[in-house]
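Student: I would like to go through some labels used for a protein model and ask what each one rests on.
Tutor: Go ahead, one label at a time.

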Amino acid sequence: MKTHVKLFFDYLKSRKWVLLLFIFFALTSLVLGYVYQLPLERALLEITIGSFVVALAVIIDFSQFYIKHRELTHLNQSPLIDSTDLPETKNILEEDYQKIIQQIQQLLAKTETDFAQDEQDILDYFTTWVHQIKVPIAALHLILQEEDSQLSDEIEEQLFHIDQYVNVILQYVRLGSSSTDYHFQSTSLDHLLRESIKKFAPSFIRKKLSLDYDPIYFEVITDPKWFSFVIDQLLSNALKYTSEGTISIYLKDEKLVIEDTGIGILPEDLPRIGERNFTGFTGRKQKSATGIGLYLSKQICQKLGHQIVLFSVPDQGTQVEIQFTPDQIVSQSNKNVRNQGELSD
């Protein structure tokens, strides 16, 4: 009711000059009747007839105003708006407005098309670049396999990091692309984890870190390619910031946990970890930190319908939990499910 009253007053404001003109003629009729000593009843009759005509015109005009307002409100709530859906024009001014809207819509459509094409060109370029750069990286890996020295092991390690950074670049571009699609299917976490552990095995050996991992009999609905990238990034972070101790991978309360005994995260930095370009105290301490890996991991998990939660204590380590919704869990065995408590502040 209040909305209708407000709408009516808004309507009166839009027609104020017509109403003011009627009041002016009514007062003029009274003044002329007084000056020429005409009967007062005549002036009142003219005002009454005029008021009736104006009231009737207001009712008809407000009805049309209300109908058009309701149509525009309904159109504004629609997820897709097209200029052809606009109400029928009543005058040349409304036609002018609709022509302007059509031109803006055409310009917007052209801009979106150009942007999509530019975005696809960038994605194609980076995809081609990644495939091209992987050829010399693979060749160097083959050459180093014939060498057996500490130097060759160090070069092999650095090549592995280069390969990881190249993948990060590609996933970063793909994540922001509107053409990126996701293929959800039943996925064994154990299979993805074993593949990731195999990639990082040389890093474990080189840093003399132990791995606590037992087969995880757990299947979820996810995109295996994208989720595998998330596991790689979380495991890479655990290795990067852990100089001694153990990295543990296990299942706890239907959550995948990757836990390390590394440098940890300060309490004041913890809420912002995973934001774009935020590295916190760790980034200031280790200049190579960019924060891009965890940022991408959080963004990907959000698109996959999962959630990443961090628990950490400085100088004691970090737990990263990946949480799944009940409808994403396909099957689970009771084996290797831990009830270990989280790290406390």
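Student: How many salt bridges does the structure hold?
Tutor: This is a predicted model, and it holds 9 salt bridges.

Student: What makes the pair aspartate 10 and lysine 6 a salt bridge?
Tutor: Their side chains meet at 3.2 Å, N to O. The cut-off is a Lys or Arg side-chain nitrogen within 4 Å of an Asp or Glu carboxyl oxygen, so the pair qualifies. Both residues lie in helix H1 (residues 2-14), 4 residues apart, about one turn of the helix.

Student: Why is lysine 6 called exposed, and what is aspartate 10 called?
Tutor: Exposed means over 50% relative accessible area. Lysine 6 has 55% and therefore counts as exposed. Aspartate 10 has 32%, between the limits of 20% and 50%, so it counts as partly exposed.

Student: How do you know that aspartate 232 and lysine 199 form a salt bridge?
Tutor: Their closest N and O atoms are 2.7 Å apart, and the limit is 4 Å. Aspartate 232 belongs to helix H7 (residues 224-240) and lysine 199 to helix H6 (residues 189-207), so this pair ties together parts 33 residues apart in sequence.

Student: Is aspartate 232 buried or exposed?
Tutor: Aspartate 232 is buried, because its relative accessible area is 5% and buried means under 20%. Lysine 199, at 35%, is partly exposed.

Student: What makes arginine 272 and glutamate 275 a salt bridge?
Tutor: The closest N and O atoms of arginine 272 and glutamate 275 are 2.9 Å apart, again set against the 4 Å limit. Arginine 272 is partly exposed at 41%, and glutamate 275 is partly exposed at 33%.

Student: Turning to helices, why are H2 and H3 called roughly antiparallel?
Tutor: The axes of H2 (residues 16-35) and H3 (residues 40-76) cross at roughly 165 degrees and come within 9 Å. Angles over 145 degrees count as roughly antiparallel, and H2 and H3 are therefore given that label. The crossing is right-handed.

Student: Which residues of H2 and H3 make the contact?
Tutor: H2 contributes Leu19, Phe22, Ala26, Ser29 and Leu30, while H3 contributes Leu40, Ala43, Glu46, Ile47, Gly50, Ser51 and Val54. By class, 8 of the contact residues are nonpolar, 3 polar and 1 charged.

Note on methods:
Residues numbered from 1 in each chain as written. Predicted model: local features only at pLDDT ≥ 70, side-chain atom pairs only at ≥ 80, totals over all residues. Heavy atoms only, no water. Axes fitted to C-alpha atoms, helices over the stretch in contact; angles between N-to-C directions. Helix = DSSP H or I, 4+ residues; strand = E, 2+ residues; numbered from the N terminus. Parallel < 35°, antiparallel > 145°, perpendicular 65-115°, else oblique. Left-handed = near helix turned anticlockwise from the far one by under 90°. Contact = heavy atoms within 4.5 Å. Nonpolar A, V, L, I, M, F, W, Y, C, P; charged D, E, K, R; others polar. Buried < 20%, exposed > 50% of the residue type's maximum accessible area, 1.4 Å probe, protein only.
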